[in-house]
Amino acid sequence: MDIGTTLTHFLLEEERKYNDASGEFTRLMSDLTTAIRAISSAVNRAGIEDVLGQAGATNVQGEEQKKLDVLANTLILQSMEAMGHVAGLASEEMDEPYAIPAGYPKGKYLLVFDPLDGSSNIDVNISVGTIFSILKAPRPGVDATVEDFLQAGAEQVAAGYTVYGGCTQLIYSTGNGVHAFTLDPHVGEFVLANQDLKIPHETAEYAINASNRRFWEPAIQQYVQDCEEGKDGPCGKNFNMRWVGSMVADFHRILMRGGVFLYPRDLKKPEQPGKLRLLYEANPMGFLAEQAGGACTDGMRRMLDIQPESLHQRVPVVIGSKEEVDRVREYYEKYGSA
Ligand SMILES: O=P(O)(O)OC[C@H]1O[C@](O)(COP(=O)(O)O)[C@@H](O)[C@@H]1O
Ligand SMILES: [Mg+2]
Ligand SMILES: [Mg+2]
């Protein structure tokens with residue numbers, strides 16, 4: 001399709017490929033993008049309106065909520081609750097799935113989301129984003145329970161994210177490649193910017209929070225040391241390193257030009273298997289990575305094969321260029337975990 005095609009047109013064309021499509025998915029995406037446009041506007045006006053700073057509460061993860069975390073969460077709930085597309089909504093910012101108010105119809109999808117990813121960057125005007133994952137409701141038309149959400153990433157119907165950066169971009173996939181749309185702020189429409197994005201298989205760029213080095217497991221210690229040794233070390237080439245601290249922004253860079261992002265398990269909090277969340281961070285990004293010819297693992301296992309055990313489950317994440325993700329797996333096989 002032509003660059004500049006609107007998202008609405010693109011979605012309708014995609015829908016036409018499925019004979020039995022009811023249009024429900026297109027309507028869900030359309031309502032979700034209404035919320036996303038509102039979040040984009042709030043992020044852009046953050047320095048003008050009173051939306052910066054702490055909300056004064058903590059979420060289920062024990063993390064302090066920012067005002068924009070709460071606002072973004074509310075905007076998505078409001079865009080969905082009355083529309084009848086979903087049987088349930090689950091978010092980083094809510095302990096339990098959101099109960100659709102009585103009287104509203106329940107649909108055939110489940111929406112899982114991180115309303116604002118990269119919260120620590122909000123107050124300093126660095127890119128943040130929204131991540132979403134769409135699943136089929138095992139029991140359409142009925143209020144979803146936690147168990148209904150516990151589906152492996154391979155079951156996702158669609159996944160995507162928005163990055164609120166220099167411009168606002170929406171990246172999504174329904175399993176037919178990964179497409180990027182840019183918000184035209186004058187028209188208020190997302191327009192096609194890149195179709196069928198592919199992550200280069202090879203890379204010489206990695207992303208990791210190196211302040212955690214002393215807590216890393218032996219495999220990651222060795223992997224990063226070998227990257228740092230560059231041309232003189234076992235890799236035989238020089239590596240560059242980048243860390244934004246918003247997964248959306250770090251992953252977006254990787255989608256556009258290759259690279260590998262690691263948030264491994266570390267021994268800072270030995271009881272925690274990782275920092276990032278399986279259902280609304282690792283799985284949607286893993287789905288997009290695979291659709292773009294890249295890979296995503298927890299170091300050893302394909303991310304999308306992991307059977308979730310709880311809504312807010314954390315996992316180690318290695319994602320990006322396929323050869324590099326495979327190379328990290330070899331380090332785990334050779335050097336093991338702690
Ligand atoms: O603070 P660190 O260790 O750099 O971690 C950054 C990571 O944490 C996250 O911010 C977690 O996301 P939230 O802001 O949604 O909690 C990721 O986006 C990012 O990759
Ligand atoms: Mg996040
Ligand atoms: Mg968040």
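The legends below describe close-up views of a predicted model.

**View 1. The shell around ligand 1.**
Ligand 1 is surrounded by 13 residues. The closest are Asp-117, Ser-119, Asn-209, Gly-245 and Met-247. By type, the shell holds two nonpolar, six polar and five charged residues. Domain 1 (7-194) and domain 2 (205-335) both contribute to this shell, so ligand 1 lies between them.

**View 2. Positions annotated in UniProt.**
An unreviewed UniProt entry carries the annotation "binding site". That annotation covers Asp-117, Gly-118, Ser-119, Ser-120, Asn-209 and Lys-275. Asp-117, Ser-119 and Asn-209 are also among the residues listed as closest to ligand 1.

Gly-118 sits in the loop that joins β4 (109-117) to β5 (128-136). The cut-off for buried is 20 or more.

**View 3. Ser-119 in the loop.**
Ser-119 belongs to the loop between β4 and β5. This residue is buried, because 23 other C-beta atoms lie within 10 Å. When residues up to four places away in sequence are not counted, Ser-119 touches Lys-66 and Asp-69. Ser-119 is also one of the residues closest to ligand 1.

**View 4. Thr-182 on strand β8.**
Thr-182 is part of strand β8, residues 179-184. Thr-182 has 18 C-beta neighbours inside 10 Å and therefore counts as partly exposed. Leu-192 is ten residues from Thr-182 in sequence. In space, their C-alpha atoms are 6.5 Å apart. With neighbours within four places in sequence left aside, the contacts of Thr-182 are Cys-167, Gln-169, Phe-190, Val-191 and Ala-193.

**View 5. Where the two domains meet.**
The chain divides into domain 1 (7-194) and domain 2 (205-335). Their centres, taken over C-alpha atoms, are separated by 24 Å. Across the boundary, 35 residues of domain 1 are in contact with 29 residues of domain 2. On the side of domain 1 that touches domain 2, at least two residues each come from β4, β5, α4 (146-149), β6 (158-164) and β7 (168-173). The largest share of that side is from β5, with five residues. The residues of this side of domain 1 comprise 18 nonpolar, 14 polar and three charged.

Notes
Residues numbered from 1 in each chain as written. Chains lettered and ligands numbered in written order. Predicted model: local features only at pLDDT ≥ 70, side-chain atom pairs only at ≥ 80, totals over all residues. Near = placed C-beta within 6 Å. Nonpolar A, V, L, I, M, F, W, Y, C, P; charged D, E, K, R; others polar. Domains from an automatic or database assignment. UniProt positions renumbered as here; feature names shortened; annotations may be inferred. Helix = DSSP H or I, 4+ residues; strand = E, 2+ residues; numbered from the N terminus. Buried ≥ 20, exposed ≤ 12 C-beta atoms within 10 Å, placed from the backbone. Contact = placed C-beta atoms within 7 Å.
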